[in-house]
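Student: I would like to go through this structure with you. Could we begin with the sequence and the model?

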Amino acid sequence: MTALNIIGGILVFFLLVSLLRVGVVVTYAQTLRVRLRIGVLQLTVWPRARKQAAQSAQTEDAKPQAKPKTKRRALPKPGLDELLTLIDTAFNALGATLRRACKRVCVDPLELTVVFGGGDPARLAMLYGMANTLMFSLMPRAEETFHIPDPSLHLRLDFERENSEATGTLGLSARICDLLAIALTLIVPMGKWYLRFRRTHRHAQAASAQAAQIPEQQPA
C-alpha cells in the first residue's frame with residue numbers, strides 16, 4: 001500500500017502542476033520588459049537587476065578574449081508568401097486537433113501600434129501594405145483559435161517621420177497541460193515547413209552560385 005500511496009501522490013502532484021496556469025507579458029516601448037507569471041506569482045525576467053548585470057559585466061571583462069567564431073551562412077529571411085504558408089500550416093494543425101485547448105489559451109493584453117516612417121516613400125508604402133496583409137490574414141484565424149478578448153492593433157504611415165516606431169504589449173497565459181499538447185501537435189507540421197523552406201533556399205543558392213561560376217561567352 002505504501003508504494004501505491006507514493007505513486008498516487010506523484011500522479012496527483014503532476015496533475016496539479018499540469019493544471020497550473022503560467023504566462024508571460026512582453027512590453028516594448030523603446031525598451032523591452034518581460035514578466036513571467038506562474039499562478040499568482042509574477043517575476044520580471046528582463047531587464048535583469050542592476051547588481052546582476054554589473055556582476056556579469058565584471059565577469060565578462062575578467063575573461064580572456066575568445067577567438068572569433070566562424071559565422072555560418074544564414075538562411076534568407078522568409079518572404080510574405082512563405083510567412084502566410086507558415087501561418088496557415090500552424091492554424092490548420094491547431095484547428096484540427098486542439099480547438100478546445102487553444103481556446104483556453106488567453107491572449108490578453110494584445111496591443112500594438114506601428115508607425116512606418118523614414119526612407120523611400122515607395123518602400124514604406126510596400127512595407128505598410130505587407131504589414132496590413134499579414135495582420136488581416138493572421139487576426140481572423142487567431143481570434144477563431146485562441147481566446148483574445150480585446151485586441152488593439154494599429155498600423156500607420158507617416159512619410160514625415162525620420163524613423164519607424166513600434167510600441168506594444170503582448171500577454172499569453174495557459175495551463176501547462178494545454179501548452180504541452182499544443183507543442184506536441186505543432187512539432188511535425190512546423191518541422192516539415194522548415195525543411196521545405198531550407199530545401200527551397202538551398203537549391204536557389206546553389207543555382208545562383210553555379211550561374212556565377214559559368215564564364216560569359218565572348219562574342220566571335
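Student: Which residues are buried in α5?
Tutor: In helix α5, the buried residues are Leu124, Asn132, Met135, Met139, Ala142 and Thr145. Buried means under 20% relative accessible area, exposed means over 50%, and partly exposed lies in between (1.4 Å probe, protein chains only).

Student: What sort of model is this, and how are residues numbered?
Tutor: This is a predicted model, with residues numbered from 1 along each chain as its sequence is written. Local features need pLDDT of at least 70 and side-chain atom pairs count only at pLDDT 80 or more, while totals for chains, interfaces and linings use all residues; side-chain values use heavy atoms, leaving out hydrogens and water.

Student: Back to α5: what should its 25 residues span?
Tutor: At 1.5 Å a residue, they should span 36 Å, and the end C-alpha atoms of α5 are 36 Å apart, which agrees. The expected span is 1.5 Å times one less than the number of residues in the helix.

Student: How many helices and strands are there in the chain?
Tutor: There are six helices and six strands, in the order α-β-β-β-α-α-α-β-α-β-β-α along the sequence. Helices (H or I, at least four residues) and strands (E, at least two) are DSSP runs, numbered from the N terminus.

Student: How many aromatic pairs turn up?
Tutor: A search of the whole structure finds two. In one of them, the rings of Phe116 and Tyr128 have centres 6.0 Å apart and planes at 80°, so the pair is edge-to-face. Phe116 lies in strand β4 (residues 106-116) and Tyr128 in helix α5 (residues 121-145), so the pair ties together parts 12 residues apart in sequence. Phe116 is buried, at 8% relative accessible area, whereas Tyr128 is partly exposed at 25%.

Student: What about Trp193 and Phe197?
Tutor: Their ring centres are 5.3 Å apart and their planes are at 5°, so that pair is stacked. Rings of Phe, Tyr and Trp (its six-membered ring) pair if their centres lie within 6.5 Å; planes under 30 degrees apart count as stacked, over 60 as edge-to-face and the rest as tilted. Trp193 and Phe197 both lie in helix α6 (residues 176-213), four residues apart, and both are buried.

Student: Now the strands: which way do β1 and β6 run?
Tutor: Strands β1 (residues 21-29) and β6 (residues 165-175) run antiparallel, joined by nine bridges. Gly23 has Ser173 in β6 as its bridge partner. Two strands pair if DSSP finds at least two bridges between them.

Student: How many bridges pair β4 and β6?
Tutor: Eight, in the antiparallel sense. Leu112 stands opposite Gly168 in β6.
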